[in-house]
Amino acid sequence: MKEESVLNLSVELNVDPNIQGQNQGAQADAQHPQDAEIGAPRQVTYFELARLMERASRRFSGLVRAELTKLRVDDIGPAQAMVLLAIGDSELSVAELLDRGHYVGSNVSYYLKQLADGDYIDRVASQRDKRSARIKLTEKGRRLRASLRDAAMTYERAVNRGDQDQRMLETAFQTLHQLELAWGSASRFGV
């Protein structure tokens, strides 16, 4: 399948009536795009969804940056903070970290160097293979991780107002996970 036809694939918005409650049909608002000519709800394309995900990711990075500023952390940025969160309570290798997130190897090396320089992580040479290192959070790293998780819970409580919001979040996660798998397979093996 050609790239342009992949970009033009579209998906109908199948809305669960239990999630929408009394709202019958799509509303003419920012969540439901309209056809400019006739004002009717239209289909959302995968390309538009990918653009929205990219914008949402940038907004989330801005939120993490603002939280780091509040915490007076100026030696790392949102990308390094996300790596810190991905490490969590584990002690793991760089390869395991790469499996947990979608990082480019050279980026992770840079991020880990910054985190080590800031005393957020410890890098210990592996006993089996001296060429590889095991990574774990230092006390400073654990404190920052806890602060970031607390902030995330505060934001989540502000957005998630009940079971309906939780179901919508789970549906969005499942949908994005399915797209990740489908797009990953398509990029590796073709359509």
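Tutor: What follows describes helix α7, after a few words on the chain. This is a predicted model, in which local features need pLDDT of at least 70, side-chain atom pairs count only at pLDDT 80 or more, and totals for chains, interfaces and linings use all residues. Residues are numbered from 1 along each chain as its sequence is written, and side-chain values use heavy atoms, with hydrogens and water left out.

The chain has eight helices and five strands, taken as DSSP runs numbered from the N terminus (helices H or I, at least four residues; strands E, at least two). Along the sequence their order is α-β-α-β-α-α-β-α-α-β-β-α-α. Of the 191 residues in the chain, 21% are buried, where buried means under 20% relative accessible area, exposed over 50%, and partly exposed in between (1.4 Å probe, protein chains only).

Helix α7 spans residues 139–159, 21 residues in total. From first C-alpha to last it reaches 30 Å, close to the expected 30 Å; the expected span is 1.5 Å times one less than the number of residues. Its buried residues are G141, L144, R145, L148 and A151. These lie on the same side of α7 because they cover an arc of only 130° around the axis, the arc being that of the directions from the helix axis to the C-beta atoms. Among the elements covering these buried residues are α3 (46–70), α4 (78–87) and β5 (133–137). On the face turned away from the buried side, α7 carries the exposed residues D150 and R157.

Technical notes:
Contact = heavy atoms within 4.5 Å.
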